[in-house]
Amino acid sequence: MCGIIGYTGTKPVCPILIDGLRALEYRGYDSAGVALSGKTLTTVKRAGRISVLEEALAAGEAGADLQAPCGIAHTRWATHGAPTDANAHPHATDRLALVHNGIIENDRALRRELEEKGYVFNSETDTEAAAKLIDSIYAETPDPIAAIRAAAKRLEGAYALAVVFADRPKQIYAIRRDNPLIVAATAEGAFLASDIPALLPHTKDYYRPDENEIVVLDAEGEAPSVRFFGAEGELTHPVCTVNWNVEQAEKGGYDHFMRKELGEGPEGVRRTLTPLVRDGLPAFGLPLMDGLGKMRSMRIVACGTAMHAGLMGRAFIERLARMPVTVEIASEFRYRNPILSPDEPILLLSQSGETADTLAALRLARANGIPTAAIVNVIGSSVAREADAVLATHAGPEIAVASTKAYATQASMMALIAVAIAHQRGLITDEKAKEMTAALADRLPAALEETIALEEQMIEQAKRLSSAEHVFYIGRGTDYDGSVEGALKLKEISYIHSEAYAAGELKHGTISLITDGVPVVALSTDANTASKMASNMREVRARGGYVLLICTEATRAEVEPCSDACIVLPESDPMLAPICGVLTEHMIAYHTARVMGCDVDKPRNLAKSVTVE
Ligand code: G6P
């Protein structure tokens, strides 16, 4: 949800900011802007993509000092006001320029107050109130730390703010509350950013300031520095190091990040599961995780695709370990006064570890003394830092807005957790647990690779789907859980209306929408329900629907005769096959959007990291 970057150092800031914005563009792409702090403080901002901003800069817009060695920049996901030049960040006054990721909730009241003082607002954004509030305090007390601290006390909501002051051309000041911000210093400069990919070309070492601290980036002294100031004075933080590399955050010859990342799923699963296997059995090395079997039940809380991985996890855990599991959408969970119990741990799933609703759910659980575990892809993220126990998925940086390789790692981690709980509860023997663990850690990555090799068949089907107005997805059990994710992916990136239905529920309403040629993607990996799926597919075809079947050798004989086209997965194992099935649906969604010429990596209106509620 919006990306911010800042740099002060020895190099011209412009290219650093523009490259940083590109690395953060997945966070929002409605507009982009920079404030360049050199001989003057100038702001250039444009609605639209970063290339539009680049053109404005190249054209010498507003006399911008392209050699300036200090500046801040922003890529926007619009919340308050349409994507226009005026609403783009930075928001500037004569004294300062400011970029903001998050939402200021009391902006209307602040705006009225500042208007009474004579300020004239130029945008519809909440952010402009923060800029003018700091300006009004700084006008009285020209101390940046004091001004930002005083303003922060008045700001309600969530934010990561970065500010440059016209009279301090080599410094950047920043503060965060409930929104991510990382900072780093090298011999060449001091950096701040919303996320790691923006820093990767410069350094792998960074700091995560705590909430409400003032961060000062300074290139005035002998070496560029980053300093942190809490209410009690200066603080230090341990350095965090990321093991990602720049290549992982680049397209590497692919047309889209999404296609590259689909291909990285199998290796991500291998890297995720391998360290969690000891003597052939799941071993998490965390008391909470290794004692899950003793718990009465479990709650999984997450958003979007991560929540769908939780649905798949629920099915695995309930089926294998006989533990009741509920899966909740994080934004619903926190506002319905949930009934919590200490023998029902909460497991949070999040790729970014910064999703506002997931983080708030975690805090609610912790405030009530509930044990919490988190499965996150970004180590050092807020969710990872605050949960009692943390398991890392090693998907590597995920840039495409549509989450794919993260899903593969999350779903496979959930499968391993199911095996672990079943084993802890004595429901499966050592031998069976070892067999299942090996299937997940060794066989699943290979099966996912073999699934990707079926790409030509998926492209064929994608061409057909690309002309559809509506697409339905059906399945039963884990295949329904997979269908929900398949439908989400297709609608997110191709804008084709798609919905998932439990196959048995079709005849209770949705079947009225099936007319001649309407595609229905049927996922059937579960031999126990294959005959029922076959009936449901027949019902669809009897109404003229086109059934694209994704099945396994175990279900094929039953379901293939009821389909118009069939993709047979390379794996029939009840835990592996649905994960391969979802990968197939992800690939079909990707190719459908690509055939349609959609902006696959940056779908309309979406952002990858949703740090607002
Ligand atoms: C956004 C993204 C989704 C993602 C969801 C949860 O909506 O577009 O792809 O699944 O947030 O994100 P998280 O980082 O918590 O997994």
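## The ligand shell

The shell around the ligand is made up of five nonpolar, seven polar and one charged residue, where Asp, Glu, Lys and Arg count as charged, Ala, Val, Leu, Ile, Met, Phe, Trp, Tyr, Cys and Pro as nonpolar, and the others, Gly among them, as polar. This is a predicted model, in which local features need pLDDT of at least 70 and side-chain atom pairs count only at pLDDT 80 or more, while totals for chains, interfaces and linings use all residues. Residues are numbered from 1 along each chain as its sequence is written, and side-chain values use heavy atoms, with hydrogens and water left out.

In total 13 residues surround the ligand, the closest being Thr305, Ser350, Gln351, Ser352 and Thr355; a residue belongs here if one of its heavy atoms lies within 4 Å of the ligand. Helix H8 (residues 304-321) gives the largest share of this shell, three residues, with helices (H or I, at least four residues) and strands (E, at least two) taken as DSSP runs numbered from the N terminus.

## Polar contacts and cover

A backbone N or O atom of Thr305 lies 3.0 Å from a ligand oxygen, an N or O atom in the side chain of Ser350 is 2.6 Å from a ligand oxygen, and for a polar side-chain atom of Ser352 the distance to a ligand oxygen is 2.6 Å. Of the 390 Å² of accessible area that the ligand has on its own, the protein covers 90%, by the Shrake-Rupley method with a 1.4 Å probe.

## The open sheet

Seven strands, in the order E5-E6-E7-E8-E12-E13-E14, form an open sheet with antiparallel pairing, two strands being paired if DSSP finds at least two bridges between them. Strand E5 (91-92) and strand E14 (233-235) are the edge strands, each pairing on one side only.

Within this sheet, strand E7 (residues 157-165) and strand E8 (residues 171-177) pair in the antiparallel sense over five bridges, and Ala160 stands opposite Arg176 in E8.

## Backbone features in loops

The peptide bond from His89 to Pro90 is cis, with omega near 0°, and Pro90 is found in the loop between strand E4 (70-76) and E5. Asp279, although not a glycine, has a positive phi of about 50° and lies in the loop between strand E16 (277-278) and strand E17 (281-282).

Technical notes. A polar contact is a pair of N or O atoms within 3.5 Å; within protein, one must be able to donate a hydrogen and the other to accept it, and residues adjacent in sequence count only if both atoms are side-chain atoms.
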